[in-house]
Amino acid sequence: MNPLIKNMEYAVRGRLAIRAEEIKDQLAQGQKFPFDTVVNCNIGNPQQLNQAPITFFRQVASLCDNTDLLLEKNYPLVSQLYPVDTIERASTLMKSIGSVGAYSHSQGIPAIRKTVANFLYERDGYTTDPNNIFLTQGASSGVQTLLSIMTEDKNTGIMIPIPQYPLYSASLALYGATPVNYYLDEETGWSLNVNDLTDVITSARKHGTEVRALVIINPGNPTGQCLTADNMRDILTYCYNQRIVLLADEVYQTNIYEPEQRPFISFKKALMDHPDRQVRENVELVSFHSISKGMIGECGRRGGYFEVTNFDPKIVEQLYKMSSVNLCPNIHGQILVDLMCNPPRPGDASYETYTNEIEEIYNSLRRRSKKLENVFNRMEGVTCQPAQGSMYLFPHVRLSRRVVQEAERLGIAPDAYYSHAMLEATGVCVVAGSGFGQKDGTWHFRSTFLPEERLFDQFCASLERFHAQFLKDYRD
């Protein structure tokens, strides 16, 4: 088999997640554990933890699936069941789609790409060519497309943050490229220092690595930080000076919990606002977005897009060729991208329901984020930076020599040992920090704050009890 596959690791669905599924099966068979259910905090999968889907999205999607409901003869009955704007949107979409069971344009349905372009104009104030937008099977497939096209051989380097979402390290391992790690500073809220980037790229090039791109995850995953406008301007200047592509993972752009202090700014807007014309016109930027995150959480429908800026048309042709090999992104995901980018507007029949649902989910996420942060910071030997964005907290756990020695005996990382113990004691499945990368000698884990709010106090209490008992059992 391909040896590169053996080198690929994806911690989010690694050993801990596999063990969690085993425990679910054992619970179903009547085996006793100190808990009644497994809580999957290892992955940002909101609806798995009972986040309600957005009504407008599901209504339009159901009408697109069952187009008999859109027939004129059925309107008197259907209009009693569905708001009029959902019927109108589904009818408009189906004129562009034809059938949800048919292949679409390989780059995505043209009308939906125009919807995305309009969304980007409304968000950033700058026009976008729909032909520079590619609809994808979630953001992940778009990331993999770009990493694949940029990788020539093992000397190709891609700069990735540490800690980082393991999609990047796993994909680079699969394509045989070299990850060029740069470290975020935990003590200053997981900030990014551009001077550090210069040191990293200089060292990599000195050792023969041809660095071609910089990955920025904003808001951060697993770290939850949100970049400032000044920091983003410096990053863009850096990319221009170093002649590298900027890959901007922006899938958490609506998960912003301190909007007054740290609002989301897209790298597209930051680029177009840059004071240097040479930077504006020459930095090659790819921006990724998804229906899986935010208040939407439609992970299983696999929808997303990426936009390329300042790319040579011949490179865009090659991206299209790569997309055409996969025929097209799934139609249901494309429909949700359209709805994400063009939700109900004031005056629409669904507007009040839509805004109420979005606000309810958003405010609950803010409350849960702060509550779990406070819980972690109350724990002995644990510190946790606040989540300015995304769906995760990434607490720093100080572990005793006994834990480190026991983990070494078992051939696993100390934070993986801690996380396995947490799963067996509480049913809570997290991801060990070692799966994301971290500074040597430090240990972390990533947890979502997605468990239902009505159960959140119980969830937090179980973590506190576990941690106190773990420290008691493993003191030096």
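At roughly what angle do the axes of helix H15 and helix H18 cross?

## H15 against H18

The axes of H15 (residues 351-378) and H18 (residues 456-473) cross at roughly 20 degrees and come within 10 Å. H15 is therefore roughly parallel to H18 (angles under 35 degrees). The crossing is right-handed. Contact (heavy atoms within 4.5 Å) involves Arg368, Lys371, Leu372, Val375, Phe376 and Arg378 of H15. From H18 come Phe456, Asp457, Phe459, Cys460, Leu463 and Glu464. By class, this contact has seven nonpolar, five charged and no polar residues.

## Model basis

This is a predicted model, where local features need pLDDT of at least 70, side-chain atom pairs count only at pLDDT 80 or more, and totals for chains, interfaces and linings use all residues. Residues are numbered from 1 along each chain as its sequence is written, and side-chain values use heavy atoms, leaving out hydrogens and water.

## H7 against H8

H7 (residues 138-150) and H8 (residues 166-175) have axes that come within 10 Å and cross at roughly 40 degrees. That makes H7 oblique to H8. The crossing is right-handed. Ser140, Val143, Gln144, Leu147 and Ser148 in H7 meet Leu167, Tyr168, Ser171, Leu172 and Tyr175 in H8. The classes here are six nonpolar, four polar and no charged residues.

Leaving aside neighbours within four places in sequence, Ile335 contacts Cys64, Leu93, Ile97, Val100 and Ile112.

Technical notes: Axes are lines fitted to C-alpha atoms, for helices over the stretch in contact, and angles run from 0 to 180 degrees between N-to-C directions. Helices (H or I, at least four residues) and strands (E, at least two) are DSSP runs, numbered from the N terminus. Angles under 35 degrees count as roughly parallel, over 145 as roughly antiparallel, 65 to 115 as roughly perpendicular and the rest as oblique. A crossing is left-handed if the near helix is turned anticlockwise from the far one by less than a right angle, and right-handed if clockwise. Ala, Val, Leu, Ile, Met, Phe, Trp, Tyr, Cys and Pro count as nonpolar, Asp, Glu, Lys and Arg as charged, and the others, Gly among them, as polar.
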